[in-house]
Amino acid sequence: MTGRRDGTRTNEDPPSPRLRADARRNVEKLRDAAREIFLREGLETPLEDIARRAGVSIGTLYNRFGSRAELIDQAVADVAAQRLVALAGLVDQADGPWARFAAFVWGTCEMQAADRAFNDVVARRYADAPRLRAICDDNLVVGDDLMRAAQASGVLRHDLTRDDLYRLFRSIAALIRDGEPDEGWRRHLEYFLDGLRTGGPAAR
């Protein structure tokens, strides 16, 4: 049997050839260069810079990855996931519902400030990157669980929502992206948390 006229494959169609060794090397070089540059400079870095760093043409980059979103997903998603796993470990060490919720919020924002790529990830500047979108969704689920636990214990305003958390992270992302110094976004976050805690300021 051969392929059908409509272009679909049958069981006897020959399998797609694997990438040649040199093509595989180009993919790895592009992925490594993208990870290095995205983490240092953010996700809007010109793709030409990444191709140049990898020692290949921009045509090769698009041939192997197709789009910026696909390259971002392959280069950055694993790093973002690892950092959020580390954050979850720190949150688990906090004592009490409020402390865990505050540790989650502070930890997320501090990672945003420390890593321009992660800042762009949390703000979902490339929402068409499916792996990153799933990672962000999972992070908000964690935040939502911590938020609900704090609300149930009576230490957090009952009307806070998951969307509010997302807006907070996006506002912090904008401050960081605009070059706001650390004390600026930290004051913003302190005021936000102080307004959410019932019964007094949100001591960190």
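Me: Leaving aside its neighbours within four places in sequence, which residues is Asp144 in contact with?

Reply: Asp144 is in contact with Arg162 and Leu165. Contact here means heavy atoms within 4.5 Å. Before we go on, this is a predicted model, where local features need pLDDT of at least 70, side-chain atom pairs count only at pLDDT 80 or more, and totals for chains, interfaces and linings use all residues. Residues are numbered from 1 along each chain as its sequence is written, and side-chain values use heavy atoms, with hydrogens and water left out.

Me: Thanks! Where is Asp144, and is Asp144 buried or exposed?

Reply: Asp144 is in helix 7. With a relative accessible area of 5%, Asp144 is buried. Buried means under 20% relative accessible area, exposed means over 50%, and partly exposed is in between, using a 1.4 Å probe and protein chains only.

Me: Stepping back, how many helices and strands does the protein chain have?

Reply: The protein chain has nine helices and zero strands. Along the sequence that reads α-α-α-α-α-α-α-α-α. Helices (H or I, at least four residues) and strands (E, at least two) are DSSP runs, numbered from the N terminus.

Me: And what percentage of the residues count as buried?

Reply: It is 40% of the 204 residues in the protein chain. Also, take the contacts between residues at least 6 apart in sequence: 63% of them join residues at least 24 apart.

Me: Back to helix 7. At what angle does helix 4 pack with helix 7?

Reply: Helix 4 (residues 68-93) and helix 7 (residues 130-152) pack at about 15 degrees, and their axes are 8 Å apart. The axes are lines fitted to C-alpha atoms, for helices over the stretch in contact, and angles run from 0 to 180 degrees between N-to-C directions. The two helices are therefore roughly parallel to each other. Angles under 35 degrees count as roughly parallel, over 145 as roughly antiparallel, 65 to 115 as roughly perpendicular and the rest as oblique.

Me: Which residues make that contact?

Reply: On helix 4 they include Ile72, Val76, Ala80 and Leu84, and on helix 7 they include Leu132, Ile135 and Leu146. The residues of this contact divide into eleven nonpolar, two polar and three charged. Ala, Val, Leu, Ile, Met, Phe, Trp, Tyr, Cys and Pro count as nonpolar, Asp, Glu, Lys and Arg as charged, and the others, Gly among them, as polar.

Me: What about helix 3 and helix 4, at what angle do they pack?

Reply: Helix 3 (residues 58-65) packs with helix 4 at an angle of about 75 degrees, and their axes are 9 Å apart. That makes helix 3 roughly perpendicular to helix 4. Leu61, Arg64 and Phe65 of helix 3 meet Glu70, Leu71 and Gln74 of helix 4. By class, this contact has three nonpolar, one polar and two charged residues.

Me: New topic: where does Leu43 sit, and what does Leu43 touch?

Reply: Leu43 is in the loop between helix 1 (21-41) and helix 2 (47-54). Leu43 counts as buried, at 1% relative accessibility. Not counting residues up to four places away in sequence, Leu43 touches several residues, among them Ile72 and Val76. Those two also take part in the contact of helix 4 with helix 7.

Me: How far apart are Leu43 and Asn119?

Reply: They are 76 residues apart in sequence and 9.1 Å apart in space, C-alpha to C-alpha. Asn119 also has a link to Gln112: their side chains make a polar contact (3.0 Å). A polar contact is a pair of N or O atoms within 3.5 Å; within protein, one must be able to donate a hydrogen and the other to accept it, and residues adjacent in sequence count only if both atoms are side-chain atoms.

Me: Is Gln112 buried or exposed?

Reply: Gln112 counts as buried, at 0% relative accessibility. The place of Gln112 is in helix 5 (residues 97-114).

Me: Last one: at what angle do the axes of helix 5 and helix 9 cross?

Reply: They cross at roughly 160 degrees and come within 12 Å, with helix 9 covering residues 182-196. That makes helix 5 roughly antiparallel to helix 9. Their contact has ten nonpolar, no polar and four charged residues.
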